[in-house]
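Trainee: I'd like to learn how to read the features of a model like this one. Could you walk me through a few?

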Amino acid sequence: MKYSELLIPTLREAPADAEVVSHQLMLRAGYIRKLASGVYSYLPLCLRVIRKIEKIVREEMESSGAHELLLPIVMPAELWTESGRWDRYGPELLRFKDRHEREFCIGPTHEEAITDLIRHEIKSYRDLPKNCFQIQTKFRDEVRPRFGLMRGREFIMKDGYSFDRDEENALKTYELMYDAYKRIFTRCGLAFRPVEAMTGAIGGSRSHEFQVLADSGEDAIVACDQCEYAANVEKAEIQSSSDDVHQTSAIKGKFRKVPTPGKKTADEVGPVVRLLPQQITKTLVFETDKGLMIGMVRADHQLVEEKFKQATGVEWCHLAHEDAVLKTIGAPVGYVGPIGVTIPVYADHALLAMENFLVGANEKDMHLVDVNLGDFNVTQFSDLRRAVAGDACPRCGGKYSEHRGIEVGQVFYLGTKYSEPMGAHFTDEAGKDQPMVMGCYGIGIGRTAAAAIEQNHDDRGIIWPMPIAPFHVEIIPLARDGEVFEVATKLAAECEDSNIEVLIDDRDVRAGVKFNDAELIGIPYQIVIGMKGLQEGVVEFKDRRTGMTEKIKRDDVLARMLTIFHQEGMS
């Protein structure tokens, strides 16, 4: 492929609104261009990367028993009303009305559409299991799209859905997809970690995220230093330590009121009462579908709403508005405490080890000190907090280390979350009507490309992993005619005949421009051909990742590339 025939508009500087490395380099290297907020055009180099990721995904999905289909991007509101997500999904769901005033949405995900299809076509246990996937454009109306392809509004996604007879078989399918995902990201040349995760808006009871490890990752994950357990920090289980026991020796009823005018947070209150954050609690009031509830954590810990939902059994929750708190408890937010309240109190396990701590006094500008657990009623102690480095692993007792990651895929065990309300049933061997048991499996295709850049770049540009690079080698002739260009053209043809993809820089520009652009666009290997080298019978061979260059015989180039192909497992 000739450079001059492709649209590769490189830039010396990235636009000011490009915050992360992948966004900056994709713009600078001519991979994408912004059309609107969170909406991008994929230029030729980018599309070649996208297609390679898609090919790997298709091959691994199909080898695991999944089959490709394509669902409509537009879905009627009735389906989303059946599942209960029309009102719950929120403003990220792009809704519109057609000329007949019928409501529709642009699909951010397709659980409803696939469930509707399967419920009409599958009636008997003999027709199960079914495992289908698609690769399609999605749209989520993100409130703040940013980071280029990392968090756009329009994006390319692989979403798959499985239907089984029962939980046992559905979990087997889940494991098949989990293993397929490990192979997919391994074949893409990425360093990644599968981690336990929250199910979020998709729902279900079990989920794993596949996180590409990168210092710039927006997700925090923890991994055990002794076993393979890893999880998103909000999902990660925290083992109760031996210290987390009720301190029965603590004196009850000795608490006293202290004035804290205008001081609400632990950082503000601590110096006034001479207490560390570990001796202070946060009392958070939540509105839920079951009424107001309280969640309590140590002041230096962070409560996780998803864990709170699991502990309380509520479907939804959010921090209560101050008016609701005042009306129910009689104190403004920041001064609320658990003593004397009539609403349920859920406390994190870490409170079991606390003595003589501080809580709000349920009175403006007042707190209580020397409070102990016997001074108030706790409905239930649970794991409510965000994991941090140093916490104990729940599986082996090892210690967590913390990493940054970029989520590129996620698998969900859905159970009957969609099949029950939408009537996706089948007749079992006994002639009884049963709901199908579902799984859901997503991969962000463009996000995977962006994550690869976040993990593979230097100060000169992108360094693509070989399996998803737009081309395998770039040939840079230092002349556009004569023997130099003739040798470059012949060498390119030899490589392409062996399925080695070549970009030949045939532009009439200075050598320095070609070299800089080659570093920027990140093709894994470069071959520089000049007249002086040809007179010596050699060309310059460069490894973009290591920066190592060497002179090799012109006739050895193909053998060298085939060796690299074999080492990369691509032959």
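Mentor: Let's start with a charge and a ring: the charged end of Arg560 sits over the ring of Phe541, 5.3 Å from the ring centre. "Over" is used when NZ of Lys or CZ of Arg is within 6 Å of the ring centre and within 35 degrees of the ring normal. Another case is Arg507, whose charged end lies over the ring of Tyr3, 3.8 Å from the centre. Before we go on, this is a predicted model, where local features need pLDDT of at least 70 and side-chain atom pairs count only at pLDDT 80 or more, while totals for chains, interfaces and linings use all residues. Residues are numbered from 1 along each chain as its sequence is written, and side-chain values use heavy atoms, with hydrogens and water left out.

Trainee: How many aromatic pairs does the structure hold?

Mentor: A pair of aromatic rings is described by the distance of the centres and the angle of the planes. Rings of Phe, Tyr and Trp (its six-membered ring) pair if their centres lie within 6.5 Å; planes under 30 degrees apart are stacked, over 60 edge-to-face, and the rest tilted. There are 14 such pairs here. Take Tyr181 and Phe210: the centres are 5.3 Å apart and the planes at 55 degrees, so this pair is tilted. Tyr181 belongs to helix H6 (residues 167–187) and Phe210 to strand S10 (residues 206–213), so the pair ties together parts 29 residues apart in sequence. Helices (H or I, at least four residues) and strands (E, at least two) are DSSP runs, numbered from the N terminus.

Trainee: Are Tyr181 and Phe210 buried or exposed?

Mentor: Buried means under 20% relative accessible area, exposed over 50%, and partly exposed in between (1.4 Å probe, protein chains only). Tyr181 has 0% relative accessibility, so Tyr181 counts as buried. Phe210 is also at 0%, and counts as buried. Phe210 forms a tilted pair with Phe185 as well, at 5.9 Å centre to centre and 35 degrees between the planes. That pair links distant parts of the chain, with Phe185 in helix H6 and Phe210 in strand S10, 25 residues apart. Tyr178, Tyr181, Phe185, Phe192 and Phe210 form one aromatic cluster.

Trainee: Last one: how many disulfides does the structure hold?

Mentor: A disulfide is a pair of cysteine sulfur atoms within 2.5 Å. The structure holds zero. Cys227, for instance, has its nearest cysteine sulfur, that of Cys224, 3.7 Å away. Cys227 is partly exposed, at 24% relative accessibility, whereas Cys317 is buried, at 10%.
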